[in-house]
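Q: Could you show me how to read a sheet and a helix here, beginning with one pair of residues?
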Amino acid sequence: MLQHLITTQDLNLDSINEIIDKAIQYKQDINTPQTLLGKIIITIFFENSTRTLSSFEIAAKRLGAKVVRLDIHKSSTSKGETIADTASNINAMKPNAIIIRHRDAGAGNYLARYVSCPIINGGDGAHAHPTQALLDAMTMKLHFGDLNGKRIAIVGDIMNSRVATSGIDLFRRLGMKVTLVAPPHFQSLFNESDNLKKVDNIKSCIDDCDVIMSLRTQTERHNYQIYSSLKDYASLFCITKELIGDRDIIVLHPGPVHRNIDIDDEMLKDSRCKVLDQVSNGVFVRMAVLDKFANLAK
Ligand code: CP
């Protein structure tokens, strides 16, 4: 059966662990097996990206695949072609997988109806970003070994964050305890449970966490201007070196980081800050994902 990767829910726990372990193996391998030799991977990003687009393309190339990037500004969408027709036409060229990013939640699910190869979601609106959650889990696993019982505080604009939505699902399935730290207008609609708590300030949970994941305030998804200046937000939610002190906590952020709003310059330079490790690990996770999914289409 054709399988897509739209959300973390498309993966059972065995598949999640298999992808993370394979990514760790790829990171340790000196020679990369050419498991995608002769395969064609197409990337279609309707929304900007620094990390996800380039790491998917590097991952595909490292495994021996050829990559075709559809430059959306030069595509026929500007002449009125629907995104469903764009997907159908790209699919007719018989790629082995299509990686898509779109500003609208549900775009990946929608396009999956028009293709006969796996769709891999590189982020759709505030809905899902499954490979980000996988690379975050990989980064934490490399640091801690076992994630079971580890505590993560996710801080910031949770309501508008596809990274948070995917992470909340995946981290809890890996046995982690999640605390969502946000002002009421950014708080998640998820219900609290044994492994999911909601608080409105970081100081109330900082002594009970192993990981802090800071998020960007996603102003492009806000219907109105919430803060006159993001410095007002930062005064309460910026992860500073002063706040972390000498605690044994690692700091994550999916990027792009708003410096001194999400995380301050000093904390970004600290070895406990794993932001660039996340970026490096993203290539290996996407290699493992492509290996699993792009080999499904014959
Ligand atoms: N983390 C992430 O999705 O970054 P990009 O928007 O740069 O791809």
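A: In this predicted model, Thr43 stands opposite Ile99 in strand E3, where strands are DSSP runs of E with at least two residues and helices are runs of H or I with at least four, both numbered from the N terminus. Residues are numbered from 1 along each chain as its sequence is written, local features need pLDDT of at least 70, side-chain atom pairs count only at pLDDT 80 or more, and totals for chains, interfaces and linings use all residues. Side-chain values use heavy atoms, with hydrogens and water left out.

Q: In which sense do strand E1 and strand E3 pair, and over how many bridges?
A: Two strands pair if DSSP finds at least two bridges between them; here E1 (residues 40-45) and E3 (residues 97-102) pair in the parallel sense over 5 bridges.

Q: What is the order of the strands in the open sheet?
A: The 4 strands follow the order E2-E1-E3-E4, with parallel pairing. E2 (66-70) and E4 (119-124) stand at the edges with a single partner strand each, so one side of each has no neighbour in the sheet.

Q: Which residues of helix H1 are buried?
A: Buried means under 20% relative accessible area, with a 1.4 Å probe and protein chains only; in H1 these residues are Ser15, Ile16, Ile19, Ile20, Ala23, Ile24 and Tyr26. An α-helix has 3.6 residues a turn, so residues three or four places apart point the same way.

Q: What covers the buried residues of H1?
A: Contact means heavy atoms within 4.5 Å, and the cover includes helix H5 (130-144), helix H6 (162-173) and helix H10 (275-293).

Methods
Buried means under 20% relative accessible area, exposed over 50%, partly exposed in between (1.4 Å probe, protein chains only).
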